[in-house]
Amino acid sequence: PGSGSFPPLRRLASHDTMLVGAESQWASLEQLVQMSSTIGAVGEGRATKAMQFMYTPSDFLDATKYYNMPSPRKSDDGTTPLGKKWEAHYLQSLFSYATHYILFQTAADAMYADDIGRVGAVYSNGGDFTFERLQLRIAQGTPLVMFHNSGGVTQAFASLQRMLMRGVAPSATALMAKAEVVSTDQWAEDFGLTQVMMMKELRERAPSLYRTTVVSVDLVKDTSEDILETITACFSAVDGGMPELGLGDAEAMVVRSAWKRHFAHFENAKRFRKRSVFFNVSTMFLATLTTLASVLFIHFDKAVKNDNSNEELRLTNRCNACSDPGNQDTDFCTPRGGEVDGEWPATGCVGLHTEGADETALKIMQYSVVVLPIVTVLIATMQARFRPGEKFAACLVAASEITAEIYKYRTRALDYDEANFRKEGNAANAARQLFTATVSEKY
């Protein structure tokens, strides 16, 4: 704030309906403004004036003690409702329990509050002053939490919000009939189809608004943990604000689309990993079998050769014995026949040979040492051709990168900080387009 007098302060201090006790409060505030300096000026760091607030919260916990007290308004003609007396006394002072105060020279002055932090509100009860403010905040999509069953304006808007969250929205006439208007103040007469249609249109335009940004809690039915969780989720959400006309649930749609692409990559990664494991295990298993078959082939080849040498020696001795005229080994020796063409054939022998187990195993190993290397090379070639291991790694990396982009976009961090797009006018739209392009590139 700059030094000098605030025009609004002068108008309020001289207005006939100005609260009596507020004059001293505004005078104290004006002194504070006069001795302050503009942000960045030479005297910015000077000591400030201590400001005395006129109340503590405990003063207003019991509204009935103000019923018999005179109204603090100058223009009060004695017809002020009892409930309004409490409100009139409360409004004499500034809210005294804020951590920071920002003062403007005129009502037209403004600042981009998101540069300081997220702006949100909690509404409970409320009257004529709250009626316009709450409507404006809902229309702007400002993060806010309404306490249902707290009465007043908040009760009416919270009941509409809860009805609109129950699936298919009823007609505007049905919503109006079920709205919980529990007051006879002026705002209750102004509350009508205009407000109902606004709430209904916001639900159709931005379905996620009533799930994350404009929410309500039931002070009667909800537990303290549920209330705290709802408030925390509302003020920690990063997609506050009303979306552009026609975009509807665009913010949620681009995030859902990104998650679908993440899961597509993740499922492909799992499938390629199974194939890679199959090829690797098969190759190692066949290589082991090939080595084992080669060793067994050498072993059985030597065994068969030794057996054949021994068998040949035995058969030779047995065959020589057939020349003995007294040999009766008719199963092995051929009998001596009669004279043929004037000659007597010599006694011969029949070569009998039975294949042993070693020879059967040797034949199996012979086939194995031929077939197994061929199958091993075939699988190794398929592994090198299809490259499931490299595809698994690529899909997993892409899925992880998309997840990182989603969380950066949801938290508006790094590349998606809206401060980076302030010059482009529509920061939210620019951030969304960058997110969509980045995810498409990684997909």
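Student: Lys-442 first: buried or exposed, or something in between?
Tutor: Lys-442 is partly exposed, because its relative accessibility is 27%. Buried means under 20% relative accessible area, exposed means over 50%, and partly exposed is in between, with a 1.4 Å probe and protein chains only. This is a predicted model, in which local features need pLDDT of at least 70 and side-chain atom pairs count only at pLDDT 80 or more, while totals for chains, interfaces and linings use all residues. Residues are numbered from 1 along each chain as its sequence is written, and side-chain values use heavy atoms, with hydrogens and water left out.

Student: What does Lys-442 form a salt bridge with?
Tutor: The partner is Glu-401, with the closest N and O atoms 3.5 Å apart. A salt bridge here is a side-chain nitrogen of Lys or Arg within 4 Å of a carboxyl oxygen of Asp or Glu.

Student: Which helices does that pair link?
Tutor: Lys-442 is in helix α14 (residues 427-442) and Glu-401 is in helix α13 (residues 388-410). The two residues are 41 apart, so the pair links distant parts of the chain. Helices (H or I, at least four residues) and strands (E, at least two) are DSSP runs, numbered from the N terminus. Glu-401 is partly exposed, at a relative accessible area of 34%.

Student: How many salt bridges does a search of the whole structure find?
Tutor: Three. One of them joins Glu-405 and Lys-408, at 3.1 Å from N to O. Both of these residues lie in helix α13, three residues apart, which is about one turn of the helix. Glu-405 counts as buried because its relative accessibility is 7%.

Student: And what does Glu-267 form a salt bridge with?
Tutor: With Lys-270, the closest N and O atoms being 3.3 Å apart. Glu-267 is partly exposed at 40% relative accessibility, and Lys-270 is partly exposed at 38%.

Student: Different topic. How many disulfides does the structure hold?
Tutor: Zero, taking a disulfide as a pair of cysteine sulfur atoms within 2.5 Å. Cys-234 is buried at 2% relative accessibility, and Cys-395 is buried at 11%.

Student: Now the sheet. In what order do the three strands come?
Tutor: The order is β1-β2-β3, in an open sheet with parallel pairing. Two strands pair if DSSP finds at least two bridges between them. β1 (121-123) and β3 (214-218) stand at the edges with a single partner strand each, so one side of each has no neighbour in the sheet. Neighbouring strands are turned by 20 degrees against each other on average, direction ignored. Axes are lines fitted to C-alpha atoms, for helices over the stretch in contact, and angles run from 0 to 180 degrees between N-to-C directions.

Student: Over how many bridges do β2 and β3 pair?
Tutor: Five, with β2 covering residues 144-148. Leu-144 has Val-214 of β3 as its bridge partner.

Student: Is β3 covered or open on its faces?
Tutor: Both faces of β3 are covered. Val-214, Ser-216 and Asp-218 are buried on one side, and Val-215 and Val-217 are buried on the other. In a regular strand the side chains alternate between the two faces of the sheet.

Student: What is Thr-142 in contact with?
Tutor: Leaving aside neighbours within four places in sequence, Thr-142 contacts Val-119, Gly-120, Arg-137, Thr-213 and Val-214. Contact means heavy atoms within 4.5 Å. Thr-142 lies in the loop between α4 (128-140) and β2, and counts as buried at 13% relative accessibility.

Student: What should I do with the low parts?
Tutor: Where pLDDT is low, the predicted coordinates should not be read in detail.
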